[in-house]
Amino acid sequence: MRALSKTRWQAGFAAAAVVLASLAASTPASAAEDYTQNVTSVSASEARINFTPTTPAMYVDVHYLITNTPQQNFRMTNNAGTWQKSVGSLAAGTVVEYWFTYEKSGPQYDTPHFTYTHGSTQAPVATPTFSPPGGAYTSGQTVTISTATSDATIRYTVDGSTPTASSPLYTGPIAVPSSRTVNAIGLKAGLANSSVASATYTIGTQQGCVQSNVPNFGPNTRIFDPSMSMAAIQTQLDADFTMQKDTLTAQMAPRRVAHLFKPGTYNVHDDVGYYTSVAGLGRNPGDVVINGDITVDAFNESDKGVALQNFWRSAENMAVNPSNGTNRWAVAQAAPFRRMDIRGNLALYPASYGFASGGYTADTRVSGQTASVSQQQWYTRDSNYGSWNGGVWNMVFSGTPGAPATTFPNPPSTNLATTPVSRDVPYLYFENGSYRVFLPSLRTNASGASWINGGTPGSSLPMSQFYVVKAGDTASTINAALAQGCNLFFTPGIYNVDRTLQVTRPGTVVLGIGYPTIVPQNGVTAMTVADVDGVRIKGVLFDAGTTLSPSLLTVGTPGSSVSHAANPITLQDVFFRVGGAIAGKATNSLVVNSNDTIIDHTWIWRADHGNAGTWGWDEAIGDTGLVVNGNNVLATGLFVEHYQKYQVIWNGQNGRTIFFQNEMPYDVPNQATWMSPNGLAGYAAYKVADHVTTHEAWGLGSYCFFNVNPSVRAHHAFEVPNRSGVRLHNLLTVSLNYQGTITHVVNETGGVTPPGTVPVNVVNYP
């Protein structure tokens, strides 16, 4: 269909909205339990109207009146199930009268009228209370839930999940026969929803998580001791590498493995294949010394000397004395190099000098030279380099003494003296005959590795407070452990979950080794995290199931105003895959609603290759990789690729990104299929929403390779509002092998991508 001009579209829509409103007026107003709605203040002059239907709606229209202005009618924008419209040019005290027209299972309905006064907040429903309160009881309880707000309704859940307007309606006392968490919210038309109330009931003898401090880590975890024969250790390392090595056969295979070295010295060489984690079990990197190498290279004949598919492998928490003075770590995405002490040089490129597409380093010291050479891009956080050599398109550093100064685009280096907020990863260690998990402290304006001056500051937890997830565990057993108060330690394996894993307790740690892979079944969201302080998730791969999920991981509650600045949720080495191994389907991969969340190294990938029948435009279904709704969210090391619409949508205020790597979808069949809602060709890779007033990002690269139809183009790679508070630094576009084009870099700035795989650079915008 030929696109209408903007003026004709607006006029036609306004007329249609009036007709819809008149039709809906003849329909009885729906009950409030059909939806929740509120208005949130975005800035001193802007507010956002939110409408969340109980039943997914095909459309929602908002109508509003402001004194001395005509009625306005707009089709709202669907953002992960919540329909939104921003209203600007508001002064303190301005009263907005608004109402909605929404579709529900075919018919459409009108709501009552509501009012909002800008500069004030809608009074919320009083937070529900429980009688008896949560606690430990010897037998089952009958629980009453109430709210002090008259005529309010209460919705509740008994599985620890966050209640919504579609949760069960509270009509009378509920039975709690066994241990569980009950959550409740209050709702009333014209008022904001209450805060979520929560009560955990421990029934019987359960008094929290009680596990072993020396657990069984399952059949895929190798634990090495320095008293063991070095030859025997080497034999095991080589056998695992043989199974995990081949790009053609191991890349999408289900095998997972972890190599864990107890404190001591080892004379071994570990070639690291797919889905392999190698880690020291010391309190600090120098507690485990490898006299040898921890190596990734272009290992296979089929690799043809390049390392572009060296995904899903990691090295952590060891000191290495390289056998020839240089340790090689030639990786692509999802291959973190953390808490390493390289006592020599570090080569980030294959021995063949072929291309690689990584990568990420954090909390690491390299005494000699770190050389990227043929690496296309790389991000380093809070580390120490003796020196650095190399740069192809986008080399970014924050908090890294010894890194090169900012010289983008020639050489293409971006250097931030410090990382604004960071917290190093939780990690397993062995001490005094027991296993513990160390929890590094939050750092602000960090520079250099956390452990150099006598050890990483922080606290630790005994393994007795962790449920070790192994083969045979189901969503039910995992959720039961969470309800008991356990943290989770995922061992290498594939975990199919037929219901959502619910992380609800503040401070919960979810830690994986050996790329444990969570696969949702029947279209559920694989995991949700409540809007609580201090949850840490590290080292997990979410792989979309074959039935469409709304998301793979959702963090927090939409519209939350809770600050987590003192103890943020952290997502680290958390990876997402849609297609490749199976024909995965997920509308969004990662949705972040909680304020102050730190996203520290993630690869969010819709497959461009893999097992037959698992990838392609109609096989691997994924709209958007990352949706950020929370405010003050920071992403350090953000890799998002190949999604079918926007790769990243950033709706929250004061967001920051340090390093972004993206490839647009390869497999767009034609231009008509791939047009953004604003009528422009293609979808931007990184879209900052129109209502956002503050956002900043450094070191951003987006590439196109439209090999299915090289006539396809994207109008721009970065789409941001033109405001002084929205700033981008050191960004670029590339057409790989000149398969299609990107017309501009950001908005209307920057030229069209030329032939020859040559970048187009923009140093600052605006």
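Which helix gives the most to the lining of the second largest pocket? Helix 3 does, with 3 residues, where helices (H or I, at least four residues) and strands (E, at least two) are DSSP runs numbered from the N terminus. The model is a predicted one, in which local features need pLDDT of at least 70 and side-chain atom pairs count only at pLDDT 80 or more, while totals for chains, interfaces and linings use all residues. Residues are numbered from 1 along each chain as its sequence is written, and side-chain values use heavy atoms, with hydrogens and water left out.

A pocket here is an open set of points on a 1 Å grid over the protein atoms alone, reached by a 1.4 Å probe, with protein on both sides within 12 Å along at least five of seven lines, and its lining residues have an atom within 4 Å of a point. The second largest pocket has 36 lining residues, and Leu308, Gln309, Asp608, His609 and Tyr666 lie nearest its centre. Both helix 3 (247-250) and strand 50 (598-606) supply at least two residues of this lining.

Strand 36 (residues 434-440) is joined to strand 38 by 5 bridges, and Val437 has Leu461 in strand 38 as its bridge partner.

Ile537, leaving aside neighbours within four places in sequence, is in contact (heavy atoms within 4.5 Å) with residues including Val510, Met527, Leu553 and Leu571.

Conventions: Two strands pair if DSSP finds at least two bridges between them.
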